[in-house]
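Visitor: I would like to go through this model by question and answer. Please show it to me.
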Amino acid sequence: MVIAVLLMLSLNSYIQRTSMGRAMRAIALDPKGSLLMGINVNKVITWTFFIGSALAGAAGVMAGAYYGKIDFLMGFIIGLKAFTAAVIGGIGNIKGPCSAACSWACWKPSGPSGWAENGAMCSPLRCSSPS
């Protein structure tokens with residue numbers, strides 16, 4: 001969890017404090033206007049996909065270390081949870097999905113498969129209950 005929070009904070013500071021991050025935000029708002037302002041849109045999009053792939057690789061390494069095995073089907077549930085966090089937090093920004101993912105980690109269902117046994121998505125706060 002600490003590594004994930006550090007990665008999220010470093011991504012947020014990269015997006016907010018660098019010229020490439022400013023270009024990413026400009027392209028997200030208006031790609032044609034960014035092209036007219038002199039931003040190399042293809043370079044920024046390529047760099048964005050590189051960062052996303054690197055973060056996905058780090059998430060895969062952390063998931064493999066957490067579960068103790070690597071399986072080709074294990075990414076489906078993780079991806080579903082990530083998509084849910086992105087939808088809950090808001091797809092247009094960085095801080096919303098990150099806070100939703102951290103909240104999801106605290107509200108983790110107590111079932112052995114990662115989902116609640118009764119089919120509910122979330123159980124009461126696990127962070128405050130003794131484990």
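Visitor: Is Tyr66 buried or exposed?
Guide: This is a predicted model, where local features need pLDDT of at least 70, side-chain atom pairs count only at pLDDT 80 or more, and totals for chains, interfaces and linings use all residues. Residues are numbered from 1 along each chain as its sequence is written, and side-chain values use heavy atoms, with hydrogens and water left out. Buried means under 20% relative accessible area, exposed over 50%, partly exposed in between (1.4 Å probe, protein chains only). Tyr66 has a relative accessibility of 56%, so Tyr66 counts as exposed.

Visitor: Which geometry does the aromatic pair of Tyr66 and Tyr67 have?
Guide: Rings of Phe, Tyr and Trp (its six-membered ring) pair if their centres lie within 6.5 Å; planes under 30 degrees apart are stacked, over 60 edge-to-face, the rest tilted. The structure holds two aromatic pairs. In the one formed by Tyr66 and Tyr67, the centres are 4.9 Å apart and the planes make 80°, which is edge-to-face.

Visitor: What is the relative accessible area of Tyr67, and in which helix does Tyr67 lie?
Guide: Helices are DSSP runs (H or I, at least four residues), as are strands (E, at least two), numbered from the N terminus. Tyr67 lies in helix α4, residues 41-67. Tyr67 is partly exposed, at 46%.

Visitor: Which residues form a nonpolar patch on the surface with Tyr67?
Guide: Like charges are joined within 9 Å, nonpolar side chains (Val, Leu, Ile, Met, Phe, Trp, Tyr) within 5 Å. The patch has about 330 Å² of accessible area (Shrake-Rupley, 1.4 Å probe; for residues, only the protein chains shown count as cover). Besides Tyr67, the patch holds Tyr66 and Ile78.

Visitor: Which residues does Ile78 touch, not counting residues up to four places away in sequence?
Guide: Ile78 sits in helix α5, residues 74-89, and is partly exposed at 32%. Ile78 and Ala63 are 15 residues apart in sequence, with 8.5 Å from C-alpha to C-alpha. With contact taken as heavy atoms within 4.5 Å, Ile78 touches Ala63 and Tyr67.

Visitor: Why are the buried residues of α2 on the same side of the helix?
Guide: The buried residues of α2 (residues 19-29) are Met20, Gly21, Ala23, Met24 and Ile27. They share a side because they cover an arc, taken from the directions from the helix axis to the C-beta atoms, of only 160°.

Visitor: Which residues are exposed on the other side of α2, and what covers the buried ones?
Guide: Cover for the buried residues includes α1 (2-17), α3 (31-36) and α4. Exposed on the other side are Ser19, Arg22 and Leu29.

Visitor: How far apart in space are Thr48 and Met20, C-alpha to C-alpha?
Guide: Thr48 is found in α4 and is partly exposed, at 35%. Thr48 and Met20 are 28 residues apart in sequence. Their C-alpha atoms are separated by 9.2 Å.

Visitor: Which residues is Asn12 in contact with, leaving aside neighbours within four places in sequence?
Guide: Asn12 has its place in α1. Asn12 is buried, at 17%. Its contacts are Ile94 and Lys95.

Visitor: How many helices are there in the protein?
Guide: From the N terminus on, the elements run α-α-α-α-α-α. There are zero strands, and the number of helices is six.

Methods: Patch = residues over 30% accessible without salt bridge, like charges linked within 9 Å, V, L, I, M, F, W, Y side chains within 5 Å. Salt bridge = Lys/Arg side-chain N within 4 Å of Asp/Glu carboxyl O.
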